[in-house]
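Take a look at the sequence and the structure first, then read on.

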Amino acid sequence: RKRVFSGIQPTADSFHVGNYLGAIRQWVPLQETHDTVYCVVDLHAITVEQDPKLLRQRTRVAAAQLMAAGIDPGRSTLFVQSHVPEHAQLAWVLTCMTGFGEAGRMTQFKDKSGKQGSANTNVGLFTYPMLMAADVLLYNADEVPVGEDQRQHLELTRDLAQRFNGRYGAYFTVPDPYIIKATGKITDLQEPGAKMSKSASSPAGIIELLDDPKVSAKKIRSAVTDTEREIRYDEQNKAGISNLLSIYSALDGRTIAELETAYEGKGYGDLKKDLAEVFVDFVTPFRERTQAILAEPDKLDAVLAEGAAKARAIATRTLAEVYDRVGFLPAA
Ligand code: TYM
């Protein structure tokens with residue numbers, strides 16, 4: 001079986017619909033066909049200052065949401081990044097193989113450091129992509145299911161794998177991004193030109209899965225559209241309607257073409273009202289499952305400990321091989 005790796009940050013009280021449709025929804029069926037490894041990346045989370053109590057809680061909530069979405073710890077390796085120290089260790093080796101200019105070209109770094117100003121930009125934000133490369137390469141993953149915004153980081157990951165292989169002999173698998181075009185970039189409901197984002201979206205622009213479904217339904221009904229009347233997919237000229245159609249199609253199973261036909265002659269209000277209902281029907285059992293998992297924190301922690309043990313069995317072997325190739329003297 002080929003291996004899949006992906007990760008998600010525990011930096012908010014809830015995942016949003018972009019995280020779900022862009023990434024997590026793909027993670028679930030991959031369990032049938034691949035050896036799947038999924039990680040709550042808490043080391044990445046501290047590139048922005050986190051409240052310790054909140055970070056711990058959000059890490060559990062993130063894992064619970066992944067399970068509620070259909071990640072089965074019996075079939076996948078589901079774990080927390082800081083439980084497997086080899087991630088940070090391999091990241092150091094890869095950091096020493098990355099050019100300063102190369103890292104400086106990462107658009108996510110440029111965006112974030114630009115927004116926060118240099119006084120609030122820590123070095124971890126700069127080396128973040130090398131930690132992400134370590135996550136993927138530690139498990140020799142073949143494929144990495146993510147949203148469009150992670151594409152450039154995965155290109156760096158591929159470059160680093162090839163560079164290592166060139167310098168120390170073929171060892172790392174060069175991973176392929178697995179990005180679904182239809183849902184790779186879910187946009188902000190209020191600013192349909194921009195990505196829906198935990199850090200950048202306004203509350204009205206983002207749909208959080210654990211939020212009160214009534215609130216989310218209202219946000220969908222208030223989404224920004226355009227001044228025409230036609231329900232038609234056209235990213236350039238009708239970004240708002242196109243985004244709603246993408247979300248609708250992903251949740252409901254009908255293709256965009258089928259939805260366009262079904263809504264011929266109907267208004268934007270009809271589309272929004274129906275999508276709000278489809279979303280509420282999806283999210284209601286999801287929230288219940290998440291709450292049920294969180295009601296038994298000891299059980300959840302045990303699941304994550306088991307996941308970490310499984311992950312570590314792979315990670316220690318990879319790191320030992322890397323250390324040997326790099327030329328570190330064995331400890332014993
Ligand atoms: P993160 O935590 O920001 O987001 C988790 C996943 O959600 C996707 N995503 C979106 N997809 C579509 N539309 C959107 N508006 C949207 N917003 C977010 C992201 O692309 C991602 O797949 N660096 C990663 C976490 C990470 C990782 C890894 C991923 C760390 N190590 C190794 C893959 C492999 C991140 O910050 O994702």
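This is a predicted model: local features need pLDDT of at least 70, side-chain atom pairs count only at pLDDT 80 or more; totals for chains, interfaces and linings use all residues.

Residues are numbered from 1 along each chain as its sequence is written, and side-chain values use heavy atoms, with hydrogens and water left out.

**Around the ligand**

- Gly-147 has a polar backbone atom 2.8 Å from an oxygen atom of the ligand.
- Gln-150 puts a polar side-chain atom 3.1 Å from a ligand nitrogen atom, and an N or O atom in the side chain of Lys-198 is 3.3 Å from a ligand oxygen atom.
- On its own the ligand would expose 710 Å², and the protein buries 97% of that. These accessible areas come from the Shrake-Rupley method with a 1.4 Å probe; for residues, only the protein chains shown count as cover.
- Which elements give two or more residues to the shell? Helices (H or I, at least four residues) and strands (E, at least two) are DSSP runs, numbered from the N terminus.

**Helix 12**

- Helix 12 covers residues 268–294, which is 27 residues, and spans 38 Å from its first C-alpha to its last, close to the 39 Å expected at 1.5 Å a residue. The expected span is 1.5 Å times one less than the number of residues.
- Its buried residues include Leu-271, Leu-275, Phe-279, Phe-282 and Phe-286. Buried means under 20% relative accessible area, exposed over 50%, and partly exposed in between (1.4 Å probe, protein chains only).
- An α-helix has 3.6 residues a turn, so residues three or four places apart point the same way.
- The cover over the buried residues of helix 12 includes helix 1, helix 3 (52–69) and helix 13 (297–326).

- His-34 sits in the loop between helix 1 and strand 2 (35–40). Why does His-34 count as buried? Because its relative accessibility is 13%.
- The side chains of His-34 and Glu-143 are joined by a polar contact of 3.1 Å. A polar contact is a pair of N or O atoms within 3.5 Å; within protein, one must be able to donate a hydrogen and the other to accept it, and residues adjacent in sequence count only if both atoms are side-chain atoms.
- Ala-134 is in helix 7 and is buried, because its relative accessible area is 0%. Beyond its neighbours within four places in sequence, Ala-134 is in contact (heavy atoms within 4.5 Å) with His-87, Leu-90, Ala-91 and Leu-94.
- Asn-140 is in the loop between helix 7 and strand 4 (143–145), and its phi is near 45°, a positive value in a residue other than glycine. Most residues other than glycine have a negative phi.
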